[in-house]
Amino acid sequence: MQLWMQVLIRSLSLFILIIFLARILGKRNIARVPPYRFIIYHVLAIIAALISVNVIPNLVNGLIAIGVWVIFSIAVDYLSMKSKWFHDLIHGKETVLIKHGKIMEENLQKERLTGEELLRELRYKDAFNLADVEFAVLENTGDINVFLKSDKKPVTPHDLSIKVAPQAEPQTVILDGNILNEPLASLGLNREWLCIQLENMGVSLDNVFLGQVDSSGDLYLDLFDDAIELPQPKVKEMVYANIEKSQANLMTFALETEDKEAKAMYTKNAEKLKELMEKLEPYLLR
Amino acid sequence: MTVGTQMAKAIATVQSAAATMKTFALETQDEAAKQTFQELANTFDDALVKLQGRQKYIEEQEPQYKQQ
């Protein structure tokens, strides 16, 4: 067989094999793997490349090498799942670098980290001021994670004791002008509902690049034609404004009527609506 | 009609107007109109707070005006 034929066949078959192996090796963020995995990936890549361009002439030897690296990599994963001791042996333990706001110099030295490197990593996490940091840990992937002092953390609605409506993740229901059935069904909606919504907005399905429905049922659309201004979904605000209006109307009626009974009825219902408004405010306005 | 009732009526009217402006602001598709309505709604909301303060004052001064 001619050499170029060999290279062609080897490359093609290895291409398929390697893509398949990459799936087996699992989903990992390449930038955040422990060092040993980094090495495994590189060894596999190099062996594959060498076989592909015929530097390793014996195909069987090359495949054995790939097989060993893949199987051991998976075996290590399983063993570290089963045994904590093995996990610590392979992955190492994370190192605490800052505790109670104080830098642990001996741990820095153990990890051969300089002060500059620590500060740089802290800055990545938006902690420019060392005084703001309560705790920082060096993960076995080399990342430094920072726990800020409680008074320096971002404010949450909980901190402000504001009640907010619970929200689930939005679902993408239209992509590139196609309706996606599965996300629609998971929201308990159907195609008819979507068509009615599109009709109300005066948009044709072909013109929609992306459509998302949030957990309260508002549909947000992005169109191919950016010149068209779409009304933003404001269903909840609308409901609240309408309740507010009805409440004010009831108050007026109560004041205007001469009939004692009607007056009492209007006042009672106005108060009921007022209570309702207070209850609904976090759900409709925030 | 006593001053207290008149006050309450004024408050209800302003509140209704504010709510109407808010619905208009949400319903209109014209950006300029939306902003105008929003501003009006804010003005009415301010007026509402002031009127409510005034009503409280009246009620304190003249308890007989207080609504039953």
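The model is predicted, so local features need pLDDT of at least 70 and side-chain atom pairs count only at pLDDT 80 or more, while totals for chains, interfaces and linings use all residues. Residues are numbered from 1 along each chain as its sequence is written, chains are lettered from A and ligands numbered from 1 in the order in which they are written, and side-chain values use heavy atoms, with hydrogens and water left out.

**The sheet**

Strands (E, at least two residues) and helices (H or I, at least four) are DSSP runs numbered from the N terminus, and two strands pair if DSSP finds at least two bridges between them. Strand S5 (residues 171-175) of chain A is joined to S7(A) by four bridges, and S5(A) pairs with S6(A) over two bridges. Opposing residues are tabulated here.

| Residue | Opposite residue | Strand of the opposite residue |
|---|---|---|
| Ile174(A) | Gly211(A) | S7(A) |
| Leu175(A) | Asn178(A) | S6(A) |

The hairpin of S5(A) and S6(A) has two residues between the strands, and Asp176(A) there takes a positive phi near 60°.

**Val208(A)**

Val208(A) belongs to strand S7 (residues 208-213) of chain A. Val208(A) is buried, with a relative accessible area of 0%; buried means under 20%, exposed over 50%, and partly exposed in between (1.4 Å probe, protein chains only). Beyond its neighbours within four places in sequence, Val208(A) is in contact (heavy atoms within 4.5 Å) with residues including Ile174(A), Leu198(A), Leu221(A) and Phe224(A).

**The nonpolar cores**

A nonpolar core is a set of buried Ala, Val, Leu, Ile, Met, Phe, Trp, Tyr and Cys residues joined through side-chain atoms within 4.5 Å. The largest has 15 residues, and Ile66(A) and Leu44(A) are among those touching the most other members. Helix H1 (3-24), helix H2 (35-52) and helix H3 (59-82) of chain A each give two or more residues to this core, and H2(A) gives the most, with seven. Apart from it lies another core, of 13 residues, among them Ile174(A), Leu194(A), Val213(A) and Leu230(A).
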